[in-house]
Amino acid sequence: MKKQTFDYIYDLLYFHDDDIEWWEYEGNEKLRGYLDNLNSNAIETLMGYSETWSPSIRLNLAEALIMTKVEGAFEEYCKVFINMEIIQLAHYMSSKLEYIAPNDLKESLYQKYLDKMVEIVNYEKTEEES
């Protein structure tokens with residue numbers, strides 16, 4: 001059943017990847033419904049699978065995940081943020097992560113979060129200069 005659910009989640013993400021309006025009004029709610037029914041181990045597995053997916057699909061998954069009640073969702077969102085290759089998407093994600101305290105994450109993850117935030121600040125400075 002889990003594989004079927006993962007496949008459905010991927011299909012949902014893939015076929016609506018660029019449809020911002022759909023995500024805003026229907027997609028996030030539908031995806032959250034599936035994610036809320038997964039336990040934290042299944043979420044970790046799903047997020048592991050998602051590492052090979054496109055950055056925009058991972059962003060949509062992370063955005064829905066952070067709105068769930070699944071244990072570890074916030075940490076998984078941070079991992080997607082830290083590994084986000086497209087700086088503009090990471091910049092967008094950073095707005096939800098501005099007020100993280102050191103005890104909100106494991107120490108090693110918190111350090112990676114800080115490193116990524118420095119990268120974002122440097123990106124913002126470069127954008128302002130151009």
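Visitor: Where does Glu128 lie?

Guide: In this predicted model, Glu128 lies in helix H7.

Visitor: Is Glu128 buried or exposed?

Guide: Glu128 is exposed, and its relative accessible area is 67%. The cut-off for that label is over 50%, so Glu128 qualifies.

Visitor: Which residues gather with Glu128 in a patch on the surface?

Guide: Glu98, Glu124, Glu127 and Glu129 gather with Glu128 there, and the patch carries negative charge.

Visitor: Let us turn to salt bridges. How many are there by the rule used?

Guide: The count comes to 6 salt bridges. Some of them form a network that links Glu75, Glu76, Lys79 and Lys106.

Visitor: Which residues form a salt bridge with Lys79?

Guide: One is Glu75, where the closest N and O atoms are 3.9 Å apart. Another is Glu76, with the closest N and O atoms 3.4 Å apart.

Visitor: What about Lys106; which side chain does it meet in a salt bridge?

Guide: Lys106 meets the side chain of Glu75, at 3.6 Å from N to O. This pair links distant parts of the chain, since Glu75 is in helix H5 while Lys106 is in the loop between H6 and H7, 31 residues apart. Lys106 is exposed, with a relative accessible area of 54%.

Visitor: Staying with H5, which of its residues are buried?

Guide: Helix H5 covers residues 73-83, and its buried residues are Ala73, Glu76, Tyr77, Cys78, Val80, Phe81 and Ile82.

Visitor: Which helices do they pack against?

Guide: The buried residues of H5 pack against helix H3 (40-50), helix H4 (55-65), helix H6 (87-94) and helix H7 (107-129).

Visitor: Take H6, then. What is Ser94 in contact with, beyond its neighbours within four places in sequence?

Guide: Ser94 has its place in helix H6. With those neighbours left aside, Ser94 is in contact with Phe81, Met117 and Ile120. Phe81 is one of the buried residues of H5. Ser94 itself counts as buried, at 6% relative accessibility.

Visitor: And in H3, is Leu46 buried or exposed?

Guide: Leu46 lies in helix H3 and is buried, with a relative accessible area of 0%.

Visitor: Which residues is Leu46 in contact with, leaving aside its neighbours within four places in sequence?

Guide: Leu46 is in contact with Phe6, Ile9, Leu35, Leu38, Trp53 and Leu61.

Visitor: How many residues apart are Leu46 and Leu61 in sequence, and what is the C-alpha to C-alpha spacing?

Guide: Leu46 and Leu61 are 15 residues apart in sequence, and their C-alpha atoms are 9.8 Å apart in space.

How values were computed. Residues are numbered from 1 along each chain as its sequence is written. This is a predicted model: local features need pLDDT of at least 70, side-chain atom pairs count only at pLDDT 80 or more; totals for chains, interfaces and linings use all residues. Side-chain values use heavy atoms; hydrogens and water are left out. Buried means under 20% relative accessible area, exposed over 50%, partly exposed in between (1.4 Å probe, protein chains only). Helices (H or I, at least four residues) and strands (E, at least two) are DSSP runs, numbered from the N terminus. Contact means heavy atoms within 4.5 Å. Patches are made of residues with over 30% relative accessible area and no salt bridge: like charges are joined within 9 Å, nonpolar side chains (Val, Leu, Ile, Met, Phe, Trp, Tyr) within 5 Å. Accessible areas come from the Shrake-Rupley method with a 1.4 Å probe; for residues, only the protein chains shown count as cover. A salt bridge is a side-chain nitrogen of Lys or Arg within 4 Å of a carboxyl oxygen of Asp or Glu. Lys and Arg count as positive and Asp and Glu as negative; His and the chain ends are not counted. The place of a charge is taken as NZ of Lys, CZ of Arg, CG of Asp or CD of Glu.
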